[in-house]
Amino acid sequence: MKKPILSLFAPFLLVGCNSEMKIQETAPTVDKVEKIEPAITLSAEVQKLQQAALRGTQGYDIIESLTTEVGPRLGGSPQEAVARQWAVAKFNELGLENVHIEDFTVPKWIRGEERAEIISPFPQELKITALGGSSATPESGIEAEIAYFPTFEDLEKAPMGGLDGKIVFISGRMEKAHDGAGYGPANQKRQLGATEASKRGALAVVIRSVGTDSHRFPHTGQMRYRDNVKPIPIGALSAPDADQLERILSRGETMRLKLTLTPKYGGELPSGNVIGDIIGTEKPEQIILIGGHLDSWDLGTGAVDDGAGIGITAGAVQVLLESGLRPKRTIRLVAFGSEEIGLLGAFAYAKQHKDNLHNHVLASESDFGAGKVYALRTSVQGSARESLMEIQKSLEHLGVKMEAGDTSGGPDIIPLRQQGVPAIRLQQDGYDYFDLHHTPDDTFDKIDPDDVAQNVAAWATMIWMASEADVDFRAKPEEKIGE
Ligand SMILES: [Zn+2]
């Protein structure tokens, strides 16, 4: 599968016929690049990489290509298979070696019809989407009275039984935060809402979307039934529609809702990870693994989640290859499949490579949108940690601080972390990330080319310096698992 590097000195060759116009519109200006005044003396190699990234649009163009030429790509779908072919072609174009797909299968789930309407007291349609993994209502829908829970905790505290024949509505607002800290707590109702409502006898569940926007877009996302409960359908309402239900309920009205969700499920579908390497010159057996996830939810075109992560990491690899520098360790780029539906590509990778995980010396995923990197975190301890702090110092002028605390390295790195692979993460500003996350509004126009260029500069610096560092990242493998 090895192909020659097509474009070492033609960074814009890869982006298609209208790229020049786009570059004029969006590329960071040279003025801006020259304002950089690093606090420490950067090596000539790092300077070269950072300048190339900050002046270029490598990551931005890759995100544009994926979201335009493939669009939505749900794990297991035919569109995800198209995305794999796109990734193979892109990785070969970049000049990666050993480019190939590693296949696995995933449970089938295909979105069907999705509708919700208030029957009484004030009949009207609502904006809803099924959560991934949800069971279906009958084709004709179900109609029932609403049982309202202001938060997921209120539902958890409710006695067993008592919700027979009801549609449960769980509201609860997610807090906006730069580091996405509000997501975990808000996500409880998405993950466990159907299980807890089913235990209490409910027919179905609607939740306020897990998100921080006030637009009329529902946020989808994966859920799972636990404790062998009867699977009941669950959907997410857009925030303004959840507000609407709360206003009606605050009038003391009894409300009846009609819900129609008809996803199809059962059986297995093909998925896969796409892999490519820059083989190291001195320690080729030692692998630094980076990447993003190739799949997206089906409502938008997966620009911030996770076209951005694919573009940022592949863009960094492109910058490194175009620089002519050759790393001592192997840099492996992975486009993981089926992340959204349960990190299934990540677990497949860990299984497939289980006999070689001891040679994975560092791993990291970009999967938190396209916002600027503001901090570096790592699970690495001891003397090797100091060499990673050198990376941070080389990024300080780009606004990157060192942050204490452990890291998983990103969602798809979790299974590797569990097997002792050291992790590093470039923490991104995700203040607006959950405005778009898993909605139809996750589209390419939301991507800021300057922010992507800053990410690519940080990633190119990180993979280069980590590949050169004369340390053992695994010297003190840790027991505890990140984040
Ligand atoms: Zn993601």
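Which residues have the most contacts inside the largest nonpolar core? This is a predicted model, in which local features need pLDDT of at least 70 and side-chain atom pairs count only at pLDDT 80 or more, while totals for chains, interfaces and linings use all residues. For your selections, residues are numbered from 1 along each chain as its sequence is written.

Select Val456, Trp459, Ala460 and Ile463, which have the most contacts inside the largest nonpolar core, a set of 93 residues. A nonpolar core here means buried Ala, Val, Leu, Ile, Met, Phe, Trp, Tyr and Cys residues joined through C-beta atoms within 7 Å, where buried requires 20 or more other C-beta atoms within 10 Å of the residue's own, with C-beta atoms placed from the backbone. Next select helix H14 (residues 449–468), which with twelve residues gives the most to this core; helices are DSSP runs of H or I, at least four residues, numbered from the N terminus. Colour domain 1 (13–108 + 268–468) and domain 2 (112–262) separately: both give residues to this core, so it lies between them. These bounds come from an automatic or database domain assignment.

Now centre on Ala460, which touches Leu49, Ala53, Ala316, Val319 and Leu320, leaving aside residues up to four places away in sequence; contact means C-beta atoms, placed from the backbone, within 7 Å. A second, separate core of 36 residues includes Leu126, Ala144, Leu163 and Val206.

Finally, step back to the two domains, whose C-alpha centres lie 34 Å apart. Their contact takes 18 residues from domain 1 and 18 residues from domain 2, and helix H13 (residues 433–436) gives the most to the domain 1 side, with three residues.

Definitions and conventions:
Buried ≥ 20, exposed ≤ 12 C-beta atoms within 10 Å, placed from the backbone. Helix = DSSP H or I, 4+ residues; strand = E, 2+ residues; numbered from the N terminus. Contact = placed C-beta atoms within 7 Å.
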